[in-house]
Structure formats: C-alpha cells, structure tokens
Amino acid sequence: MTKSTLTIKDLHVQIEDKEILKGVNLEVKAGEFHAVMGPNGAGKSTLASAIMGHPKYEVTKGSITMDGEDVLEMEVDERARAGLFLAMQYPSEISGVTNSDFLRSAINAHRGEGNEIPLMQFIKKLDKTMQHLDMDLNMAQRYVNEGFSGGEKKRNEILQLMMLEPKIAILDEIDSGLDIDALKVVAKGINSMRSEDFGCLIITHYQRLLNYITPDYVHVMMDGKIVKSGGPELALRLEAEGYDWIRKELGIEEDETVEVE
Amino acid sequence: MTTQTPAKLDQAFIDALSTKANEPDWFHKLRLDALEKYNALPMPKPDKTKIDKWDFVSFKNHTAPGKVFNSIDELPDDVKNLIEVDNVKNLYVQYDQTAAYLKVSDELKEQGVIFTDLLTAVKEHGELVQKYFMTKAVKVDEDKLTAFHAALVNGGVFLYIPKNVEVNEPIQSVFIHTDADAPLINHVLIVADDNSSVTYVENYLSLDVKGNGVANIITEVVANTNAKINFGAVDTLAEGLTTYVNRRGYIGKDSHVEWALGMMNDGNTIFDNTTLLMGDGSVGNTKTVTVGTGKQTQNFTTKVVHFGRSSEGFILNHGVVKDQATTIFNGIGKIEHKASKSNAQQESRLLMLDKNARGDANPILLIDEDDVMAGHAASVGRVDPIQLYYLMSRGIPRKEAERLVIHGFLAPVVTQLPIEGVKRQLTEVIERKIM
C-alpha cells in the first residue's frame with residue numbers, strides 16, 4: 001500500500017502583493033516526522049497557512065498535491081477531508097459552540113452523511129483522549145477556545161488532531177507559549193500518533209520541542225525557501241550556533257523584513 | 001396595509017365590551033379614560049424607524065371565537081412540544097383571546113401564589129391588580145399605543161408571588177394566536193413581592209395564521225425588595241401581524257431581573273424592553289436574540305435606566321439579518337443623577353447574511369452622575385471569515401460552519417431558557433429562519 005504523501009513543488013505565495021514563499025519544495029510522507037525551523041520572517045507560518053487554504057494568502061506559482069490530488073483546487077474543508085490537519089498558531093474562538101459539538105460535527109463531516117459516529121462511541125473516545133492530554137473533562141462543554149489560555153488553546157489543537165486522525169498534520173508553532181509541563185503533554189499526544197499511516201510537519205522556532213519529539217528530517221527555511229535539510233542533529237547545531245553559519249555557507253544576505261503572520 | 005373594515009372605536013364600543021365581560025367599575029373607567037388618551041396622544045417614535053405608515057390599530061372583531069381545552073391531551077401538538085407533557089405543574093394556555101387551559105400546582109396554591117388569566121384576576125383579585133396594573137412600570141398615558149392597550153386589552157395573565165415565597169418550578173404561559181381578524185392585545189402582569197423569587201417563561205405562537213392583523217403586547221414585571229425574577233420569552237408571531245411589544249421591569253431595592261428574549265416574529269415589529277432600576281443595588285440583565293427574514297422591519301429599543309445607587313444593568317443584543325430584512329438595535333444605558341456607583345454595560349451585534357439585508361446598532365449612554373461605570377460595544381458585520389476558515393479546516397463544509405457560528409451567536413438566549421421544550425422550539429425556529 002502506498003503511503004499518504006503531501007508534495008509541495010516550487011510554491012510561491014504572496015499576501016497583499018508581497019511575496020513571502022519564493023519556491024518551496026518539500027515532501028512529507030505518512031510515517032515521517034519533519035521539522036521546519038528558521039528565523040522570523042522566513043515564511044514558516046505562511047507555508048502552513050497556504051497548505052490549508054487560508055483566505056488571505058494567494059498562491060501565485062507551484063503546486064501542492066496530496067496523494068496525487070491537486071490540493072490547490074480544493075476548498076478548505078475538502079483539504080481537511082482529504083486527510084490534512086493544521087494545528088494553528090492562533091486558534092479562533094467560536095462563542096456559543098461547545099468543543100464537544102464542534103468535534104462531533106468535524107468527525108461526522110469526515111465520516112459522511114449516514115455514517116455519523118454513535119454518541120456513546122464519541123463520548124468514550126473524547127474522554128479517553130482528554131485524559132491522555134491531562135485536560136479537565138469540563139473543557140468539552142466550554143465554548144471553542146473562549147477564555148482559554150495560550151497553553152489550553154494549543155492542547156485543544158492536539159485534542160482535535162487526535163480525535164480527527166488525519167493522514168498528514170501540520171503543527172504551526174505548537175510549542176509557543178507553553179511551559180515545560182504543557183509542552184510534555186502536547187509532545188506525548190503527538191508521539192502517540194506515530195504510525196505508518198501518519199505524517200507530521202512540525203514548524204517550530206525553538207529546538208526545545210524536538211527534545212521531546214524526535215524528527216526524522218529537519219529543514220531550514222530562510223527568505224521563503226527551504227535552504228537546507230538534514231537529520232535531527234541539524235536542529236541541535238542551529239540551537240547551538242544560530243542561523244548565521246547557514247547564511248554564510250549559502251551566501252544569503254540577511255533579510256530585514258518583519259515577519260508577516 | 002390592512003384590508004379589513006376597522007371596528008369603530010368609541011365610548012359605546014368600550015361600554016359594550018366591558019359590560020359584556022362583567023368587568024368591575026374601576027376597570028371599566030380605566031378603559032374609558034384610556035380611550036380619551038388614545039385620541040389625544042401621539043404615536044411612540046422609535047429611533048431610526050418611521051412607523052407613520054404602519055397600522056397598529058385596525059381590527060375587525062374585538063375577540064375571536066376561541067377554544068377551551070379540558071386536558072393536556074387536547075392541546076395542539078405545537079403546544080405539547082413546548083411543555084413537559086408528563087410533568088406539567090403550572091401552565092396557562094390562551095387561545096386567541098380566550099383563557100383555554102389553566103393548571104396550578106397544589107404547592108403554588110399553598111404558597112398563596114396567584115396565577116390566573118388577567119380578566120379573571122381583575123374580578124377576583126381586584127385590589128392587587130388595581131395597585132399594579134399600569135401604575136408603576138408602564139403608564140397608560142405614555143403614548144397612543146399604551147393608551148390603546150389599556151382601552152382594549154383582551155387577554156393576558158396575572159402572576160403574583162407573595163412575600164418570602166420562592167417558587168421552585170418554572171411557571172409557563174402559551175399564547176396561541178390563530179385569528180388575524182381580532183387583535184392580540186395582551187397584558188402580562190408579574191409582581192414579585194419582597195424576598196420572593198420566580199421563573200416565568202412565555203410563548204407567543206401563531207398557528208396557521210392567514211391575513212393581516214395587529215398585536216399590542218405589554219408586559220409589566222414588578223419586583224419589590226430583594227426579589228428575583230427570571231423572565232423568558234419566545235415570540236413567533238406570523239408575517240401578517242404588525243406588532244408592538246413593550247416589556248418593562250420596575251425593579252426595587254436589591255432586586256434582580258433576568259430577561260432572556262428570543263424574538264422570532266415574521267412580521268414588522270416595534271419592540272421596547274426597558275428595565276427601570278429603581279432601588280439601590282438593583283440589577284437588570286437583558287439578553288435578546290432575533291433573526292430578521294423576508295422583508296420584515298424590526299426595531300428593538302433595549303433600555304436600562306439607573307435610579308438606584310450601585311445599580312447594575314447589562315444589555316446583550318445579538319441579531320442575524322438576511323434576505324431584505326431590516327433590524328435596528330437601539331441600546332440605551334441611562335444613569336440618572338444620584339445613581340452613584342452604578343454600572344451600565346451594553347453590547348449590540350448584528351450578523352448580516354445577505355447583501356440586501358439592513359442592520360444598524362446604535363449604542364447610547366446618557367450619564368448624569370460622576371462616580372459610575374459605563375461601557376458599550378456595537379458591531380454590524382458579516383460572519384468572520386477566519387472563524388469559518390478555522391471550522392472548515394476541520395472538514396466542516398462552509399454552510400454547516402456558518403450554521404454553527406450563527407447558532408453560537410444566538411446561544412446566549414437559547415441556553416438561558418429554563419424549559420427544554422422552549423429551548424428546543426427556539427432552536428428549531430432559528431434553524432428554519434436561517435435556512
């Protein structure tokens with residue numbers, strides 16, 4: 001059986017006429033954990049948003065395919081049902097909609113009409129997953145992300161990841177704003193998803209997360225492109241030495257633009 | 001525009017209807033005085049909506065034939081869906097202008113609570129009714145429509161909670177409306193005496209109504225000292241009805257009123273909800289949700305007036321507008337001189353779903369005292385595309401995502417209604433209106 005594959009070729013993305021991604025090439029297969037690191041403004045979040053179809057970003061060139069299917073032709077919800085998931089850096093708050101109803105709607109959207117998840121089965125799975133993530137079971141009845149601390153929002157993203165079981169997940173700075181304990185729980189959740197059927201693209205600013213989730217591949221993004229790829233030891237070197245040595249090695253000028261989220 | 005021949009409104013008309021119903025002299029006189037005022041006074045002037053061409057007063061017959069139900073079983077299905085059929089404790093059902101069904105639990109009777117149709121109350125509890133009927137909350141001579149109401153009131157309910165009585169089970173009314181030829185001039189009078197508490201929920205339910213008609217609904221909620229009233233209402237009157245609804249609270253010292261209002265009429269509606277925080281430490285919390293559809297125009301004035309010191313008022317208006325409907329929210333927080341340490345907060349938000357829908361949210365703060373807090377928030381906009389993106393990124397299709405956001409937006413009232421049947425009905429009506 002061929003593994004699920006997300007293929008990004010020569011991707012150019014702009015926002016409000018400013019080009020952020022200048023030709024990204026990347027392939028993530030199920031069973032692989034990829035980390036993407038890079039200085040502020042490199043375009044890491046833009047890459048994540050463009051894959052998911054964020055309305056503010058415009059793809060001007062290149063392709064994204066999921067198992068051979070053209071992702072760019074798909075609406076946001078179709079991309080999710082094709083097996084993609086994005087854990088967002090700034091998750092939205094949806095007042096009046098409980099986490100439980102939201103999750104159940106999402107699961108049923110994936111399963112399709114006539115094949116809705118039985119209520120008891122859903123509740124069991126939800127409770128089990130929340131316990132795994134050390135989440136208070138009351139969170140299920142709270143409104144989506146409303147009044148949640150940064151850490152709680154990130155944990156809620158991982159809860160959704162584990163409940164929806166996508167083929168390829170993109171985690172956009174899932175570690176930002178988390179203390180060590182929350183970080184460990186989030187990592188525990190992600191690691192529990194490891195399997196031949198699950199691939200992950202972890203966008204992170206700091207090496208710290210990678211102490212808990214060992215990536216198979218590490219890529220460095222700079223100025224809108226992936227400039228270097230390697231194994232886990234690449235992340236360690238970046239933590240110790242920063243990005244200058246890469247710039248020198250590749251002859252890249254330091255870009256002075258401010259990161260656009 | 002009504003095509004009926006309007007009944008002639010004169011002293012003889014009032015004399016006839018009052019005599020026929022065997023009303024006590026004081027009430028007959030109240031009607032006659034009101035008639036004079038009706039002829040003299042101007043119409044109310046809601047902000048931002050011109051109502052000169054709206055017909056609020058024409059009708060063919062003062063009362064419709066009506067119906068009576070001898071048991072819960074005989075109630076129409078639409079009414080059964082609103083109540084806990086196997087566990088009804090306190091319920092009043094009115095069929096057009098006829099008192100159709102009344103059940104009062106023994107517990108309530110033992111506590112001395114009075115719950116009966118208005119016209120019976122006028123006769124059997126005259127002293128009490130006379131004390132509170134349009135004397136404190138809404139006055140007869142405020143404008144042409146309050147006077148019209150007093151002259152012609154033809155239905156309603158009186159609920160009186162004696163001192164120190166806490167009513168545990170919610171009290172429910174359902175006003176069924178089937179006949180547009182007769183006006184729905186309904187009065188709900190609720191009085192909670194010192195240290196009492198009660199939860200009351202009502203439905204105005206049009207069933208298969210054809211043609212045009214008028215409704216003039218006045219609700220007075222009076223809380224004396226340290227009393228608590230939870231008031232819930234869901235209005236679903238038909239498209240052909242031009243409606244004036246005025247729900248007012250008169251709240252005494254340390255008393256508390258909570259309003260949860262699901263306003264889902266299909267016709268043109270002028271809606272006034274004012275809470276008068278008379279006593280020190282009084283609190284008024286109002287939540288209103290509405291969905292405007294078709295070509296209807298709805299104007300909502302939600303007002304809290306602070307007279308008492310340390311009084312607190314909260315207003316939340318959430319509306320969804322589609323098709324070519326118009327919805328106006330006027331939110332007014334008024335702090336009178338000497339109402340120091342008061343807090344007036346309001347939030348009015350409109351979600352516009354269609355290009356030709358019109359919406360306006362006007363926040364007003366009128367402050368006549370220094371040592372107070374006040375704030376307001378108002379917005380009119382489309383459904384947030386980033387919220388939709390978030391929901392869709394989990395596989396939820398766009399239409400379904402919009403549905404979730406809209407139900408969530410209107411949830412503040414739905415979740416506050418204390419009766420499951422009414423909650424369910426409001427959710428269904430919202431679903432039907434936003435489809």
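Biologist: How many helices and strands does the secondary structure of chain B come to?

Modeller: This is a predicted model. Chain B has ten helices and 19 strands, and chain A has eight helices and twelve strands.

Biologist: What percentage of the residues of chain B count as buried?

Modeller: Burial is judged by counting neighbours: a residue is buried if 20 or more other C-beta atoms lie within 10 Å of its own. In chain B, 53% of the 435 residues count as buried; in chain A, buried residues make up 42% of the 261. Of the contacts in chain B with a separation of 6 or more, 82% are between residues 24 or more positions apart. In chain A, 72% of the contacts between residues at least 6 apart join residues at least 24 apart.

Biologist: Which residues have the most contacts inside the largest nonpolar core?

Modeller: They are A:Ala87, B:Val93, B:Ile190, B:Ile229 and B:Leu410, in a core of 204 residues. Helix H9 (residues 398-414) of chain B gives the largest share of this core, nine residues. The core also draws at least three residues from each of domain 1 (11-278) and domain 2 (384-435) of chain B.

Biologist: How far apart do the C-alpha centres of domain 1 and domain 2 of chain B lie?

Modeller: The centres are 30 Å apart. The contact between these domains takes 17 residues from domain 1 and eleven residues from domain 2 of chain B. On the domain 1 side, strands S7 (197-206), S9 (228-236) and S11 (256-263) of chain B each give two or more residues. S9(B) provides the largest share of that side, four residues. By class, the domain 1 side has eight nonpolar, eight polar and one charged residues.

Biologist: How many residues of chain A are in contact with chain B?

Modeller: There are 20 residues of chain A in contact with 20 residues of chain B. On the chain A side, two or more residues come from each of helix H2 (76-81), strand S7 (94-98), helix H3 (99-111) and helix H5 (150-164). That side divides into eleven nonpolar, seven polar and two charged residues.

Biologist: What span should the 15 residues of H5(A) have?

Modeller: At 1.5 Å a residue, H5(A) should span 21 Å; its end C-alpha atoms are 21 Å apart, so the helix agrees with the rule. Its buried residues include A:Lys154, A:Arg155, A:Ile158 and A:Leu161. The buried residues of H5(A) pack against strand S6 (84-87), H3, helix H4 (119-132), strand S9 (168-172) and helix H6 (180-191) of chain A. After H5(A) comes A:Glu165, whose phi is positive, near 50 degrees.

Biologist: What covers the buried residues of H3(A)?

Modeller: The cover includes H2, S7, H4, strand S8 (143-144) and H5 of chain A together with H9 of chain B. Among the buried residues of H3(A) are A:Phe102, A:Leu103 and A:Ile107. Just after H3(A), A:Gly112 takes a positive phi of about 90 degrees.

Biologist: Why does A:Asn145 count as buried?

Modeller: A:Asn145 counts as buried because it has 21 C-beta neighbours inside 10 Å. A:Asn145 is in the loop between S8 and H5 of chain A, and although it is not a glycine, its phi is positive, about 60 degrees.

Conventions:
Residues are numbered from 1 along each chain as its sequence is written. Chains are lettered from A and ligands numbered from 1 in the order in which they are written. This is a predicted model: local features need pLDDT of at least 70, side-chain atom pairs count only at pLDDT 80 or more; totals for chains, interfaces and linings use all residues. Two residues are in contact if their C-beta atoms, placed from the backbone, lie within 7 Å. Ala, Val, Leu, Ile, Met, Phe, Trp, Tyr, Cys and Pro count as nonpolar, Asp, Glu, Lys and Arg as charged, and the others, Gly among them, as polar. A nonpolar core is a set of buried Ala, Val, Leu, Ile, Met, Phe, Trp, Tyr and Cys residues joined through C-beta atoms within 7 Å. A residue is buried if 20 or more other C-beta atoms lie within 10 Å of its own, exposed if 12 or fewer, and partly exposed in between; C-beta atoms are placed from the backbone. Domain bounds come from an automatic or database domain assignment. The expected span of a helix is 1.5 Å times one less than its number of residues.
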